[in-house]
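Me: Hi! Could you walk me through the aromatic rings in this one?

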Amino acid sequence: MTKQEFDGYRDKYAKQIDAIREAAHELHQSVNQTYGDNLPYGFHLDMVVEGVICYGHLVCACEEDVLPLFFGAYYHDSIEDARQSYNDVLRTARKWMKEEQALMATEIVYALTNDKGRTREERAGEKYFQGIRATPYAPFVKLCDRLANVTYTCSVDSGRGGSRMREVYKGEMKHFLPSLISETDDQRRQVPFEAITALAEILIEEVDRDEIRKQWNC
């Protein structure tokens with residue numbers, strides 16, 4: 001899909017996307033979840049969606065997938081952090097989408113929900129990433145989530161513990177990116193090179209684009 005086509009569909013469904021955004025913001029506000037330096041959690045959700053806006057055309061397969069993709073980005077933390085169940089999310093998605101679309105949107109959210117665990121490694125182990133790789137658009141939304149967190153950590157939050165988390169994210173790169181990438185011709189399960197490069201450019205001082213392609217086979 002071209003960027004122009006994707007932006008055209010985004011404009012076409014702007015009313016639904018705005019309603020999804022507002023509902024997601026209100027949901028996280030209702031459980032008093034904040035982000036970074038006591039920002040409303042919607043700040044993070046909007047940053048994740050910025051990644052979808054920038055790179056979504058590279059993975060979106062058809063018009064019918066546009067709303068599920070935006071919903072998945074806005075609601076990606078709703079089960080994990082906002083006390084929602086799978087069925088809660090599915091009922092919400094049905095407000096704006098047909099049944100097949102709502103199921104796709106909910107599966108994205110479910111795939112991005114961390115497993116139970118005491119550490120980052122336990123919560124995001126191999127089983128977790130297997131589920132992401134198997135779910136259309138989940139690898140891409142997960143990458144947008146990481147890009148949003150890294151962007152905030154390394155810029156806005158640089159003076160408040162950001163340097164420590166930058167090293168954490170940098171150290172996870174060798175595992176994180178290969179965990180998202182699978183051998184498939186299904187564009188819905190791919191992660192775009194442009195988004196990978198944007199992430200690398202924040203965490204790595206000098207980025208060799210050819211080396212990125214070679215290292216992560218993209």
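Me: Which residues form one aromatic cluster?
Reply: Tyr35, Tyr41, Phe43 and Tyr152 do. Rings of Phe, Tyr and Trp (its six-membered ring) pair if their centres lie within 6.5 Å; planes under 30 degrees apart are stacked, over 60 edge-to-face, and the rest tilted.

Me: Before I go on, what kind of model is this?
Reply: A predicted one: local features need pLDDT of at least 70, side-chain atom pairs count only at pLDDT 80 or more, and totals for chains, interfaces and linings use all residues. Residues are numbered from 1 along each chain as its sequence is written, and side-chain values use heavy atoms, leaving out hydrogens and water.

Me: Thanks! How many aromatic pairs does the rule give?
Reply: The count is ten aromatic pairs. One of them is phenylalanine 71 with tyrosine 75, stacked at 4.3 Å centre to centre with 5 degrees between the planes.

Me: Is phenylalanine 71 buried or exposed?
Reply: Phenylalanine 71 is buried at 0% relative accessible area (buried is under 20%, exposed over 50%, partly exposed in between, with a 1.4 Å probe and protein chains only). Tyrosine 75 is buried too, at 4%.

Me: New topic: which ring does the charged end of arginine 146 sit over?
Reply: That of phenylalanine 176, 4.1 Å from the ring centre. The rule asks for NZ of Lys or CZ of Arg within 6 Å of the ring centre and within 35 degrees of the ring normal.
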